[in-house]
Structures are given as C-alpha cells and as structure tokens.
Amino acid sequence: MGLGREARVSPGGVLDVGQQALAAKAAADPRREAARREEQALLVRLRRGDPEAFESLVREHQDRLYDFCFRMVGDREEAHDLVQEIFVSVHQNVRRFREDARLSTWLFRISKNHCLNRLKYLQRRGRGRSEVYDEVSAAAIAEGGGAPPQPDAALDVARERARVQRAISQLDPDARMLVALRDIEGLSYDEIVDITELPEGTVKSRLHRAREKLADLLGRFEP
C-alpha cells in the first residue's frame, strides 16, 4: 500500500540505496565481463602453447604468488623455488583446467598445494627455516610498491612486517594459509572457498580462530 509507494519516492530512502547498489553492480558487471573475456582469450592462447601468453601470465601473477608463498614458508629462497615450480605445474596442466573458477583462483589453488607440500617436506627434514628472521628477511618483507620511505621509517616498517611474519609463521599451516589469503591477499570468501575446497562456514570459523591466535602472538612479540 502506501508504504511501498513512499519507499519508491522517498529521497535517500531504503529503495534509493538499493537502486544505487544495483547501479554500482551494473557498472561493475561490464568490467567483470570484459575481464572474463580477456581471461578466456588468454586461456585459448595458453592451451595452444603460445609462449608469449605464458610470459604474460607469469608477469601478471608472479609477484602476488611469491608474496603468498613467502608468507606460507617464511623464506625467500624457498618462495622463489616454489613460484618456479608452480608455473611449471601451470604450464603442464593448463589444458586440464576445468574453468570451474577464475584463472587467478586456480593459480592460488596450485600454490596452496605446493606450499603445504613444501612445509611437510621441510618439517620432515627438520628445516623449519620459516622460524628464522634476520635483517635480510625483514628487508625482504618490507619491499613493496610506491615511493621508498626514509631510512629510519623503512627500518621501522621492516621490523614491524618481520614481527607480523614471525607471528604468522607460528600458526599451523592451514590457519596461516587462511590469514594470507584473506587478510594479506584480500581475496573474497568465495575465492577462498574455491581455493581451499572448504565450506564457507568452515573457512570463516577457522579464520576467526586464526585471527585470535595471531593477535595473541603479536601481543607476545615486542614491536
């Protein structure tokens, strides 16, 4: 009755907000569709064995995958080796990619498997190098885009990021993975569900526990 009519004409009302959200979604949809078409075109080239397409894939994703691997294993050399192995796996298996997820999500799924396997291998070998943090490791964590900060500020940033990484390394691998995917890489829950192949509720509950544990660890480590 009158409520529905008022909702349609009320300036700034609930329906107006809803219409704004729909308009924003409609504006975003063409961008997502364009990205999907570009990804499909890249996949066609990859499956044909186009070396330039593979080089493009590596350039676009290698830094992000390296960051994820470093967060998982805590060692630059191991992370570098892992990224190389990951792209070898991608090259070998791209024709079998079922397109049940975005290409970037598939890359993270492969990365997750490689990282978890490497952590098991290092544990068996007694080489838990992720627990060792020196000035070089701190500097590696501090690297990032944008204008470089002043030397003192850069050192503070490096130490803080090393502190966070040290705390992350104390989490069990599955918890570490969820924190890295959600809180560092900024992936959506839908993407994390595709990567981990866990129910969304399980992802959220485990992530909540991981964050609580991480906060406790950070409280123990001096800044």
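Q: How do I read accessibility for Glu-99: is this residue buried, partly exposed or exposed?
A: Start with the cut-offs: buried means under 20% relative accessible area, exposed means over 50%, and partly exposed is in between (1.4 Å probe, protein chains only). Glu-99 has a relative accessible area of 39%, so it is partly exposed. Keep in mind that this is a predicted model, where local features need pLDDT of at least 70 and side-chain atom pairs count only at pLDDT 80 or more, while totals for chains, interfaces and linings use all residues. Residues are numbered from 1 along each chain as its sequence is written, and side-chain values use heavy atoms, leaving out hydrogens and water.

Q: What is the phi of Glu-99, and where does Glu-99 lie?
A: Most residues other than glycine have a negative phi. Glu-99 has a positive value, near 60 degrees. It lies in the loop between helix 4 (76-93) and helix 5. Glu-197 also has a phi near 60 degrees, positive in a residue other than glycine. Its place is the loop between helix 9 (189-196) and helix 10 (200-220). At 58% relative accessibility, Glu-197 is exposed.

Q: How many helices and strands does the chain have?
A: Helices (H or I, at least four residues) and strands (E, at least two) are DSSP runs, numbered from the N terminus. Here the chain has 10 helices and zero strands. Of its 223 residues, 36% are buried.

Q: Which residues of helix 8 are buried?
A: Helix 8 covers residues 173-184, and its buried residues are Ala-175, Arg-176, Met-177, Leu-178, Val-179, Ala-180 and Leu-181. Leu-178, for one, has a relative accessible area of 3%. Leu-178 and Leu-207 are 29 residues apart in sequence, yet their C-alpha atoms are 6.0 Å apart in space.

Q: How many aromatic pairs does the structure hold?
A: Rings of Phe, Tyr and Trp (its six-membered ring) pair if their centres lie within 6.5 Å; planes under 30 degrees apart are stacked, over 60 edge-to-face, and the rest tilted. The structure holds four such pairs. One of them joins Tyr-66 and Phe-70, stacked because the ring centres are 6.3 Å apart and the planes are at 15 degrees. An α-helix has 3.6 residues a turn, so residues three or four places apart point the same way. Tyr-66 and Phe-70 are four residues apart in helix 3, about one helical turn. Tyr-66 is partly exposed at 27%, whereas Phe-70 is buried at 4%. Phe-97 and Trp-106 are stacked too, with centres 4.7 Å apart and planes at 25 degrees. Phe-97 is buried at 4%, and Trp-106 is buried at 9%.

Q: Which residues lie nearest the centre of the largest pocket?
A: Rolling a probe the size of a water molecule over the atoms shows where empty space is left. On a 1 Å grid over the protein atoms alone, a cavity is a set of points where a 1.4 Å probe fits but cannot get out, and a pocket is an open set with protein on both sides within 12 Å along at least five of seven lines; lining residues have an atom within 4 Å of a point. The lining here has 16 residues, with Ala-35, Arg-36, Glu-39, Arg-102 and Leu-103 nearest the centre. Helix 2 (14-47), helix 3 (51-73) and helix 5 (103-125) are the elements that each give two or more residues to this lining. Helix 2 gives the most, with eight residues.
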